[in-house]
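The following briefing is intended for a reader new to this structure. Please examine the sequence and the model before turning to the points below.

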Amino acid sequence: MPVITFKGLKKSYGPVEVIHDIDLVMEDNEFTVFVGPSGCGKSTTLRMVAGLESVTAGQILMDGKEISHLEPIDRDIAMVFQDYALYPHMNVEKNMSFGLRLAKYPKAEISKRVNSVADMLGLKPLLHRKPGQLSGGQRQRVAMGRALVRDSSTLLMDEPLSNLDAKLRVQMRAELAIMREKIDKNIIYVTHDQVEAMTLGDRIVVMQDGYIQQHGTPQQLFETPANKFVAGFMGMPPMNFMDAMLVEESGSLMANGEGFSFQLNTLKNKHHLPASGEVILGIRPSALTPALAGDDSIENTLTLPIKICEYAGALSVLISEIKGSRVSIEVDSKNNFKAGDNIKFSVKPSDVYVFDRNTELAIY
Ligand SMILES: Nc1ncnc2c1ncn2[C@@H]1O[C@H](COP(=O)(O)OP(=O)(O)O)[C@@H](O)[C@H]1O
Ligand SMILES: [Mg+2]
């Protein structure tokens with residue numbers, strides 16, 4: 001499958017630039033997920049790849065060949081739309097074969113492709129139904145099927161699960177992961193949902209305001225976020241942030257803030273530390289662990305008043321506050337903490353992220 005490359009890709013609507021100079025390489029047979037908040041430019045980027053939007057500047061290359069001037073039909077690309085865009089008066093079979101019939105494929109070939117894709121997606125019993133007679137999940141599968149019969153090297157999907165209810169979304173997400181194993185294609189998938197991005201993507205592109213914030217594997221983004229935005233976007237409940245001042249005390253690096261004084265891991269790039277010492281610390285809700293009562297030997301502790309306890313089965317999320325900023329802590333529900341408790345938590349130096357307060361870039 002072709003390698004897809006963006007070189008200095010830009011898009012403007014009138015005087016407003018919405019995609020700013022993006023460079024990116026998506027490797028052969030990779031499942032790439034574009035994720036970011038609504039309006040960050042995910043659909044615009046995908047539609048430029050599909051040929052449904054013109055490119056303002058820069059290039060889109062497939063295996064080194066520029067494709068941005070080609071008509072959509074000539075791009076070796078198929079797309080699944082958010083609203084499925086099925087024809088209501090055609091049955092499933094006709095919907096799936098529409099593009100092939102338009103492109104004047106031989107009847108036998110059309111029938112062979114529709115049958116094999118319908119088989120894979122479990123659509124065989126539904127071939128003669130119209131979209132109005134299908135559930136949301138089935139419609140979604142038909143939209144997928146219509147894209148797959150094209151047999152293109154690259155499949156684009158724009159929020160394909162966002163019209164489904166929560167339970168079905170989780171089920172279809174698993175089906176997508178299974179389908180992915182059966183087809184040999186590049187997939188570019190757009191979603192605003194970081195869980196979908198983490199579970200489906202080989203690599204994730206995090207976008208904000210038309211800029212790429214980071215491109216990497218789910219682990220890379222989760223374990224070594226490039227900046228505060230990525231750190232806060234990937235992971236649920238989101239990472240906690242607290243203001244602190246860095247100081248060196250007898251050889252160790254300390255971060256002091258409201259009600260805490262944490263020892264940090266040695267930072268490799270200490271020369272990137274802001275001269276002012278002003279940083280933001282990032283701590284994931286799962287990295288704060290209740291300290292045992294009476295054990296004063298534990299370092300890096302922080303006592304927090306619990307405002308709310310959200311029970312969620314095996315785990316509960318405690319909500320607290322430091323200087324008006326929300327702090328969430330994920331704990332085993334067996335702890336039986338309740339609102340009104342004051343709990344002492346500890347955190348390992350290796351679990352504390354440090355961000356420059358001005359640039360918001362991570363310092364490792
Ligand atoms: N046809 C258009 N005309 C003008 N602005 C547009 C148009 N389409 C999208 N935009 C703007 O471009 C930005 C990116 O939009 P979009 O790619 O749809 O975001 P996303 O898919 O990430 O939610 C938004 O600010 C949006 O308002
Ligand atoms: Mg969109």
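Ten of the 13 residues of helix 4 are buried, so this helix is largely enclosed by the rest of the structure; a residue counts as buried if 20 or more other C-beta atoms, placed from the backbone, lie within 10 Å of its own. Helices (H or I, at least four residues) and strands (E, at least two) are DSSP runs numbered from the N terminus. The model is a predicted one, in which local features need pLDDT of at least 70, side-chain atom pairs count only at pLDDT 80 or more, and totals for chains, interfaces and linings use all residues. Residues are numbered from 1 along each chain as its sequence is written, while chains are lettered from A and ligands numbered from 1 in the order in which they are written.

**Helix 4**
- The buried residues of helix 4 are Arg139, Gln140, Arg141, Val142, Ala143, Met144, Gly145, Arg146, Ala147 and Leu148.
- Their cover includes strand 6 (77-80), helix 2 (92-102), helix 3 (107-120), strand 7 (154-158) and helix 5 (166-182).

**Ligand 1**
- Around ligand 1 stand Tyr13, Val18, Gly36, Ser38, Gly39, Cys40, Gly41, Lys42, Ser43 and Thr44, each with its C-beta atom, placed from the backbone, within 6 Å of the ligand.
- Helix 1 (residues 42-50) supplies the largest share of this shell, three residues.
- The shell has three nonpolar, six polar and one charged residues; Ala, Val, Leu, Ile, Met, Phe, Trp, Tyr, Cys and Pro count as nonpolar, Asp, Glu, Lys and Arg as charged, and the others, Gly among them, as polar.

**Domains**
- The chain is assigned domain 1 (4-233) and domain 2 (240-363), with bounds from an automatic or database domain assignment.
- The C-alpha centres of the two domains lie 38 Å apart.
- Seven residues of domain 1 are in contact with eight of domain 2, contact being C-beta atoms, placed from the backbone, within 7 Å.

- An open sheet of six strands has the order 13-12-11-14-21-22, with antiparallel pairing; two strands pair if DSSP finds at least two bridges between them.
- Strand 13 (260-263) and strand 22 (362-363) are at the edges with a single partner strand each, so one side of each is left without a neighbour in the sheet.
- Strand 12 (residues 252-257) is joined to strand 13 by four bridges, and Asn256 stands opposite Ser261 of strand 13.
- Strand 16 (residues 301-305) pairs with strand 20 (residues 342-346) in the antiparallel sense over five bridges, and Phe345 in strand 20 is the bridge partner of Leu302.

Key. A residue is buried if 20 or more other C-beta atoms lie within 10 Å of its own, exposed if 12 or fewer, and partly exposed in between; C-beta atoms are placed from the backbone. Two residues are in contact if their C-beta atoms, placed from the backbone, lie within 7 Å.
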